Amino acid sequence: MSTNSSEQQASNEKSVIQWLLDSDPSIRWQVMRDLIGAHAEEIAVERARVATEGWGAQLLAIQGADGSWAGTAFNQGWDSTMHVLSLLCEFGLDPASSEARRAVDLVRDHVRWMGWDWDGKWQGQDFVGNPFFAGEVEPCINGQVMASGAYFGQDCQRILDRLLAEQLPDGGWNCEAENGSTRSSFNTTICVLEALLEYELAGGTNDAVTEARLRGQEYLLERHLFHRLSTGEALERDREGSTIFTRFAFPTWWHYDVLRGLEYLRRAGVTPDERMDEAINLVESKRGGDGRWLLEVRYPGNMPVEIDEGEGQPSRWITLRTLRVLNWYSTQE
């Protein structure tokens with residue numbers, strides 16, 4: 001690399017970090033922790049602002065008196081209780097803060113599951129009336145509920161037991177298993193893996209959980225994060241075509257993508273190996289000339305608070321996630 005190129009890269013990196021810091025507390029504190037190595041005291045002060053300023057405070061302010069968001073445990077509009085709690089986890093709302101305890105206690109004590117299918121027809125499922133953190137039946141939904149429940153220190157034992165029992169022989173999970181599918185899906189598997197990891201990070205010690213998570217982790221690695229195991233074919237989309245594995249979204253909700261898979265591996269402390277190389281190359285290839293990454297996909301729904309400039313625009317969330325993945329990968333080489 002020429003001197004001029006090196007200088008330009010250094011200038012871009014400095015500019016990108018400043019761009020990330022010139023943002024919401026939910027991004028700033030993670031940049032301070034993961035990218036610039038700020039002092040713990042400074043990080044804690046910035047993290048505390050998530051509850052009182054910006055996007056985190058806005059989400060907390062729209063919680064209903066009944067403890068829910070959008071009046072329901074879950075919906076397809078991405079603004080339900082489940083979706084908001086997932087966002088608050090992504091923002092890093094401190095579980096020990098008074099604001100988090102109040103909000104989550106309301107959810108635990110008052111929010112219940114209803115039995116409606118995707119077409120709005122009553123189904124009368126056996127999970128109707130379950131407390132929120134007891135979950136429902138689909139592993140992709142239960143995974144997302146358990147991830148936030150574990151993060152916020154809630155008892156999710158019913159969900160945990162179900163997820164462990166639902167792991168398929170290939171190591172992953174699939175919401176279509178109840179309809180006879182014997183092959184796992186990337187979408188469902190990543191939701192469950194994140195839940196099991198969050199359980200362990202929160203202090204859960206359970207050999208069965210660790211064993212299941214490592215088997216699920218191998219499901220991703222054996223497939224190089226986005227390949228078909230049987231043929232080695234790179235997969236751009238899931239079988240239904242509704243999820244694009246090679247384009248990066250935030251929030252991801254139940255959708256898998258390569259960056260989400262790498263973020264899980266980073267958080268799990270996995271030592272990088274050659275099975276990740278192609279995925280890392282894909283991430284690096286998407287860096288713009290200004291050192292930033294775009295929000296490539298915004299899945300349909302109603303965001304409860306706007307956190308990005310929109311699809312096709314430079315994204316602080318995607319850039320934060322890619323930079324810390326690349327840092328993790330490079331330090332292990």
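**Cavity, pocket and helix packing in the predicted model**

The lining of the largest cavity comprises, by class, six nonpolar residues, one polar and one charged. In this predicted model, the residues concerned are Trp 78, Phe 250, Pro 251, Trp 253, Arg 298, Tyr 299, Gly 301 and Met 303. The volume of the largest cavity is about 60 Å³, and the structure holds one cavity of 30 Å³ or more.

Two of the residues that line the cavity, Phe 250 and Pro 251, are joined by a cis peptide bond, with omega near -5°. Pro 251 lies in the loop between helix 10 (207-222) and helix 11. A further backbone feature occurs at Ala 70, which is not a glycine but has a positive phi of about 60°. Ala 70 is placed in the loop between helix 4 (54-61) and helix 5. For context, most residues other than glycine have a negative phi, and most peptide bonds are trans.

The second largest pocket has a volume of about 670 Å³. Its lining consists of 28 residues, and those nearest the centre of the pocket are Ser 86, Cys 89, Glu 90, Glu 198 and Arg 267. Two or more lining residues are given by each of helix 2 (25-34), helix 5 (81-91), helix 7 (139-151), helix 9 (186-201), helix 11 (258-267) and helix 13 (316-331). Divided by class, the lining of this pocket has 11 charged, 10 nonpolar and seven polar residues.

Helix 2, one of the elements that contribute to the pocket lining, also packs with helix 3 (residues 40-48). Two packed helices are described by the angle between their axes and the distance between the axes. For helix 2 and helix 3 the angle is about 165° and the axes are 8 Å apart. Angles over 145 degrees count as roughly antiparallel, and the two helices are therefore roughly antiparallel to each other. The crossing of helix 2 with helix 3 is left-handed. On the side of helix 2 the contact is made by Pro 25, Arg 28, Trp 29, Met 32 and Arg 33, and on the side of helix 3 by Glu 42, Ile 43, Glu 46 and Arg 47. By class, the residues of this contact comprise five charged and four nonpolar, with no polar residue.

Definitions and conventions:
Residues are numbered from 1 along each chain as its sequence is written. This is a predicted model: local features need pLDDT of at least 70, side-chain atom pairs count only at pLDDT 80 or more; totals for chains, interfaces and linings use all residues. Side-chain values use heavy atoms; hydrogens and water are left out. On a 1 Å grid over the protein atoms alone, a cavity is a set of points where a 1.4 Å probe fits but cannot get out, and a pocket is an open set with protein on both sides within 12 Å along at least five of seven lines; lining residues have an atom within 4 Å of a point. Grid points are joined across faces, edges and corners, and a volume is the space filled by probe spheres set on the points. Helices (H or I, at least four residues) and strands (E, at least two) are DSSP runs, numbered from the N terminus. Ala, Val, Leu, Ile, Met, Phe, Trp, Tyr, Cys and Pro count as nonpolar, Asp, Glu, Lys and Arg as charged, and the others, Gly among them, as polar. Axes are lines fitted to C-alpha atoms, for helices over the stretch in contact, and angles run from 0 to 180 degrees between N-to-C directions. Angles under 35 degrees count as roughly parallel, over 145 as roughly antiparallel, 65 to 115 as roughly perpendicular and the rest as oblique. A crossing is left-handed if the near helix is turned anticlockwise from the far one by less than a right angle, and right-handed if clockwise. Contact means heavy atoms within 4.5 Å.
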